[in-house]
Amino acid sequence: MSSHPLQKTMSRARSRRIVLPPVQEHIIKIEDVIDTGDYYGAQQMYKSVSARYVAAERYSEALDILQSGACTQLKHEQVTCGSELAVLFVETLVKGKVPCDDNTLDRVRKIYKSFPQIPLPQHLGEDDDVQQLSEALGAAKTRVEGCSSFLKAALKWSMEFGLQRSGSPEIHVMLATYIYSESPEVDMTRVSYHFVRGNDPQKFASILVNFMGKCYPGEDDMAIARAVLMYLSLGNLRDANYLFDELKKEEERDELELPDSELIEFIIYLLLTLQRDALPLFNMLRANYKSSLEREPALNEFLDEIAEKFYGVRRRNPLQGIFGDFLKMMG
């Protein structure tokens, strides 16, 4: 009498489980290969061994191998190999439908912390140092691209398997922090985009202070305005006020001088206005500071979002605007 197809499937699954040894055996074996300096060989082993566990739907063990591999390669500054395994780690989270909880976020954080943080060389002047700087810039770009690929994938996973529609706030903070600290040329718009979706306005404030200490004239007030308006465009008046209050505290401690500009005046009045049901005053502010707001087209887009969030004013064309551009940028 032939066995039922379901029994055959279960039997095959059992046999697959029997032939796979404990994960730790693989990890020790591959780490021995890494110790010889054969990073590429180790990489192929991490990928092929983890694939066998995924095929057997033993996702927890596959994740153990990929996390170990990513962290080990990254600690040896093998960023290309490490980031590839880090992305495979996230893809396995998705395949295994692993929920975005504190335990799994801690695993994402451990991989993130393994990405190298290497300061760029300073005060180079000799001719043969130009090549050194060029190589350092190239390595920094590779690190940022690798870490960004991993954390963007992790954000998409957290959107699907977590509670936040915009993704895990903690992952947003990780991405913003790494982009700021490691990018040869900092894109503060991108940094701010992730910080305002994060959960650490205090860290955002400290990074803004740091940026203002080294940016070009005219970039400081724009960075502050953009950050505050981004928070407000999400309806987050609390963190917008917190951020600006932290900057004022830094000024009182003589650690910072807030820019004396119309844009900063506008932000001060706007934060006060949004605490009241005062749409006419909001519109008057926009009209009075029109020339300053036109310095960057995104500012008026944010203000359209703010008018909708706080006063129910419908956007003329909600499908277009700066957030559509951001979605393309972050994709």
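A residue is called buried when its relative accessible area is under 20%, exposed when that area is over 50%, and partly exposed in between. With that in mind, and remembering that this is a predicted model, select arginine 143 and glutamate 182, both of which are buried. The two form a salt bridge in which the closest N and O atoms are 3.3 Å apart. Because arginine 143 belongs to helix α7 (residues 128-161) and glutamate 182 to helix α8 (residues 169-182), the pair ties together parts that are 39 residues apart in sequence.

Next, select arginine 226 and glutamate 296, whose side chains meet in a salt bridge at 3.0 Å, N to O. This pair links distant parts of the chain, 70 residues apart, with arginine 226 in helix α11 (residues 219-233) and glutamate 296 in the loop between α15 (290-293) and α16 (297-311). Arginine 226 has a relative accessible area of 9%, so it is buried, and glutamate 296, at 18%, counts as buried too.

For a pair within one helix, go to α12 (residues 237-252) and select lysine 249 and glutamate 246, which are separated by about one helical turn because they are three residues apart. Their side chains meet in a salt bridge at 3.2 Å, N to O; lysine 249 is partly exposed, with a relative accessible area of 38%, whereas glutamate 246, at 13%, counts as buried. Then select Asp106, Arg109, Lys110 and Glu170, which salt bridges with shared partners join into one network. The count of salt bridges in the structure comes to 15.

Now turn to helix α2 (residues 23-35) and look down its axis. Which residues of α2 are buried? They are Val23, His26, Ile27, Ile30, Val33 and Ile34, and they fall within an arc of 120 degrees when seen down the axis, so they line one face of the helix. On the other side of α2, Lys29 and Asp35 are exposed. If you draw a distance between the end C-alpha atoms of α2, they are 19 Å apart, which agrees with the 18 Å that its 13 residues should span at 1.5 Å a residue.

For a stop on the surface, select Ile268, Tyr269 and Leu272, which form a nonpolar patch with about 280 Å² of accessible area together. Isoleucine 268 lies in helix α13 (residues 262-273) and, at 37% relative accessibility, counts as partly exposed.

Finally, select cysteine 71, which is buried at a relative accessible area of 10%, and cysteine 81, which is buried at 16%. The structure holds zero disulfides.

Technical notes
Residues are numbered from 1 along each chain as its sequence is written. This is a predicted model: local features need pLDDT of at least 70, side-chain atom pairs count only at pLDDT 80 or more; totals for chains, interfaces and linings use all residues. Side-chain values use heavy atoms; hydrogens and water are left out. A disulfide is a pair of cysteine sulfur atoms within 2.5 Å. Buried means under 20% relative accessible area, exposed over 50%, partly exposed in between (1.4 Å probe, protein chains only). Patches are made of residues with over 30% relative accessible area and no salt bridge: like charges are joined within 9 Å, nonpolar side chains (Val, Leu, Ile, Met, Phe, Trp, Tyr) within 5 Å. Accessible areas come from the Shrake-Rupley method with a 1.4 Å probe; for residues, only the protein chains shown count as cover. A salt bridge is a side-chain nitrogen of Lys or Arg within 4 Å of a carboxyl oxygen of Asp or Glu. Helices (H or I, at least four residues) and strands (E, at least two) are DSSP runs, numbered from the N terminus. The expected span of a helix is 1.5 Å times one less than its number of residues. The arc is that of the directions from the helix axis to the C-beta atoms.
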